[in-house]
Amino acid sequence: DGDTPMEEALELLGSLDARFLEIKADSDKYARYQEVLKVMVTTYDEVETLEVNMRLKKNMWQGLRDFDAQVAEWKAANFDSLNPEEMGQRVNKYGKICSQCDKGLPSNTVLPILQDKVTTFKAMTPVVVALRNEALKPHHWEQIEAAIHTTVDRGDNFSLGYLLELKVDLYREEIETISTAATQENVLEEMLAKVENAWRDN
């Protein structure tokens with residue numbers, strides 16, 4: 001249940017996991033006895049189903065806890081210190097957990113919470129890449145502010161948390177277009193500078 005306190009849910013899953021390991025050990029022991037006695041080995045399909053279910057539930061709750069901690073760290077960090085590539089890898093990791101739980105667990109109120117958080121940051125990662133573009137100049141930032149309909153304060157409090165408050169993820173396409181144009185302009189300026197230098201040298 002999504003209203004269950006995090007630590008309470010993880011504690012319950014921990015105790016259930018310990019009990020499950022005991023049951024699995026017993027079933028493995030009985031299987032070995034049957035092999036020694038040369039009788040048909042009983043298969044415990046319920047144990048295997050329970051093992052998969054327990055693993056997925058544990059991954060789901062731990063994923064929610066760990067991703068919350070990761071998001072808090074990203075939000076608080078100075079924007080220029082963020083590593084977009086690492087962010088993308090982490091988001092994809094939790095995206096896989098969501099996919100596995102979606103396929104293997106019955107409908108529940110916990111998974112949508114994790115899915116929603118992962119989806120938000122999946123959309124945010126390309127925006128971080130675009131806004132970290134070193135080719136962005138003051139006039140590009142003016143274009144970005146016009147696109148998101150608000151002023152961006154890039155002072156000491158310029159963080160991912162601040163940008164999320166501005167809902168910049170909703171303007172991903174516009175921001176990426178401006179960032180791409182900035183890169184192209186930068187390449188063109190460098191080419192022109194090389195041509196000018198070549199003329200001077202001659």
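These questions and answers explain how some features of this predicted model get their names.

User: What makes Arg90 and Glu86 a salt bridge?

Analyst: Their side chains meet at 3.2 Å, N to O. The cut-off is within 4 Å, from a side-chain nitrogen of Lys or Arg to a carboxyl oxygen of Asp or Glu. The pair therefore counts as a salt bridge. Side chains of opposite charge can pair when their charged atoms come close.

User: Where do Arg90 and Glu86 lie?

Analyst: Both are in helix α3, four residues apart, or about one turn of the helix. A search of the whole structure finds five salt bridges.

User: How many aromatic pairs are there, and why is the pair of Phe79 and Phe158 called tilted?

Analyst: The whole structure holds seven aromatic pairs. In the pair of Phe79 and Phe158, the ring centres are 5.0 Å apart and the planes stand at 50 degrees. Centres within 6.5 Å make a pair; planes under 30 degrees apart are stacked and over 60 edge-to-face.

User: What does the pair of Phe79 and Phe158 tie together?

Analyst: Phe79 lies in the loop between α2 and α3, and Phe158 in the loop between α5 and α6, so the pair ties together parts 79 residues apart in sequence.

User: How do you know which residues lining the second largest pocket are charged or nonpolar?

Analyst: Asp, Glu, Lys and Arg count as charged, and Leu, Trp and Phe are among those counted as nonpolar. The lining includes Asp80, Arg132, Glu134 and Arg154, as well as Leu131, Leu136, Trp141 and Phe158. It divides into four nonpolar, one polar and four charged residues. The pocket's volume is about 180 Å³.

Conventions: Residues are numbered from 1 along each chain as its sequence is written. This is a predicted model: local features need pLDDT of at least 70, side-chain atom pairs count only at pLDDT 80 or more; totals for chains, interfaces and linings use all residues. Side-chain values use heavy atoms; hydrogens and water are left out. On a 1 Å grid over the protein atoms alone, a cavity is a set of points where a 1.4 Å probe fits but cannot get out, and a pocket is an open set with protein on both sides within 12 Å along at least five of seven lines; lining residues have an atom within 4 Å of a point. Grid points are joined across faces, edges and corners, and a volume is the space filled by probe spheres set on the points. Rings of Phe, Tyr and Trp (its six-membered ring) pair if their centres lie within 6.5 Å; planes under 30 degrees apart count as stacked, over 60 as edge-to-face and the rest as tilted. Helices (H or I, at least four residues) and strands (E, at least two) are DSSP runs, numbered from the N terminus.
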